[in-house]
Amino acid sequence: MLTFRPLPWDYGVRNLLRRPGRSALTLLGLGTVVFLVFLVVAFVRGLETSLAVSGDPLVVLVHSLGAGENIENSTIPGQGAGVLSASLGRVETRYRQKHVSPELYLGTEVTTESVKEPAMGLVRGVTLAAPLVRRQFQLIEGTWPTTGEAIVGRLAAAKLGCDPAELVIGRTLRIEGRPWKISGRFAAAGAAFESEIWCLVDDLQQAMKRQDVSLVAVAVSEAKGLADVGEFCKERVDLEWEATPELDYYASLQTHYGPVRSVAWLIVLLVSGAGAFAGLNTMYGAVVGRVRELAMLQTIGFSRRAIALSIVQEGVLLAAAGSLLAAAVALPLLNGLAVRFTMGAFTLRLDSVSLLYGLCTGLAIGVLGSLPPAWRALRMPVVDGLKAI
Amino acid sequence: MSSGTWTGFVGLALAVFAVGCGQTTIAPAPQSTSATPAASAGGAEVLLHEQPVDAKPVGDVRESAEDGIEVTILGRIGGGANPWVDGRAAFTIVDPKVEPCHPSEGCPTPWDYCCSTDQLPKNRAMIKVVDAAGGTVEQDARQFLGLKELQTVVVKGKAKRDEAGNLTVLANGVFVVPEQK
């Protein structure tokens, strides 16, 4: 009975070790390719996660009409928070404190003590209601700011492109022509706020000679409260306010960054293609250099399919090793790395999904790169192969 | 590898590239001529089968109506990029004398009246379909009444005025004026 008899597993492994220089170079090439794939996927995942965790399903942002996509340009009178507190039901309330946060939000030049060149930073003027509404907020070091003080987010240094040592407690920042002493540091579970600098809204209004705020963030006690805010804004046409649920706001930002994600995936495709060609080149070299050996294997009874499978095995082994190597390097190097972006900063995220993408890409490169040489091995006549020099 | 095989690979790569970089299809701008969605069972009770004869356009009602009186108001659904209150049977209407953006201008949301925003403040009203308890029905008007942007409606209800001059109609009956062919 005719049965399929593959070449021994060790044969493919030994073949790789017979050409250590070439195998090592290919391993390095494939590892680099997969590392780049990890980098791009971690970028996309980091961006998506940052936007996804930034929105609270029970928070609605009230801003001026039409400013939903550019909230820095929104303007709401200073008493806006009071009007909303007094007019709305279903607002989250604890100890008679309504969770309504007036915020003045802007992108402006920030100068640190040592670096005299100002950098563009994100500054949010807040009140004590902000941590009630922004439930991800955690003061991780120092104290809540008082007049002339500010607290900095975990990723503010990345956003400003400065050394984190510039933003330690006690240092001074210069914003809107005024010095602000850093009184604390905060985190926000990976949300976009982590790249911001927070100070008291009254303080910031004085510094900017403004009396308005950019938005009022309202935390509602139940989902129906979101519609209450929308209804109020639609009814009070004279105010020219608009309500955008925070989830929708960040979802619109995700849409806004859609082309960036598309380009990132195109880069993954191109880099993977380059990796596949590198693997292809190596495996072609391996086949061309072993024409007589492959013909001899056929002569002693191994089928062409078994030989092709062995060649694919070699390619996949190399690619798998390269992928693991890339993962071992990328995990400590890339995961959690802060990246500056237009909306602020976020950390690269090399999570299980990113690892799966990268490793699968590596294996796919191994298979695709070794299929054409395997096909060539299948087509080669035995006699020609045995006579080949 | 033979030159034929290489040619094949290059051809395949070019084909993949060509497919990937093909022109994106431009989605047609949203039109208000799409089929009207059906109203829900509760909404059908609010919809009127005959057009009230005493309807006045939004602008006139804003000028004359006092708080608490019964009004019949005529207007076109719009007045903002999103004239609806998500999750509520509430929406804004605009006086029919104010023209929405012409389709030839290519505006994707002609119901926001972006070409005549200066006329909106005096010609816009909010409609809230209320239940027996006087609260706004907690269903989206698009599903509850089967409405869509730029439809002309006649609404019967009670006027609610505030100090700023805003007009809200607490509606108990809505008639959808059939579109002209």
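**Exercise 1.** Determine how helices α9(A) and α11(A) are oriented to each other.

*Solution.* Start with the axes, which are lines fitted to C-alpha atoms over the stretch in contact, with angles from 0 to 180 degrees between N-to-C directions. In this predicted model, helix α9 (residues 258-288) of chain A packs against helix α11 (residues 304-334) of chain A at about 140°, and the axes are 11 Å apart. Angles under 35 degrees count as roughly parallel, over 145 as roughly antiparallel, 65 to 115 as roughly perpendicular and the rest as oblique. α9(A) and α11(A) are therefore oblique to each other.

Next, list the residues in contact (C-beta atoms, placed from the backbone, within 7 Å). α9(A) supplies A:Gly279, A:Met283, A:Ala286 and A:Val287, while α11(A) supplies A:Ile311, A:Glu314, A:Gly315 and A:Ala319.

Residues are numbered from 1 along each chain as its sequence is written, and chains are lettered from A in the order in which they are written. Local features need pLDDT of at least 70, side-chain atom pairs count only at pLDDT 80 or more, and totals for chains, interfaces and linings use all residues.

**Exercise 2.** Work out what each chain gives to the contact between chains A and B.

*Solution.* Count by chain: 11 residues come from chain A and 16 residues from chain B. Then look for the main contributor in chain A: helix α7 (residues 224-235) gives the most, with 6 residues.

**Exercise 3.** Describe the secondary structure of chain B.

*Solution.* Helices (H or I, at least four residues) and strands (E, at least two) are DSSP runs, numbered from the N terminus. Chain B has 4 helices and 6 strands. Along the sequence they follow the pattern α-α-β-α-β-β-β-α-β-β.

Methods. Contact = placed C-beta atoms within 7 Å.
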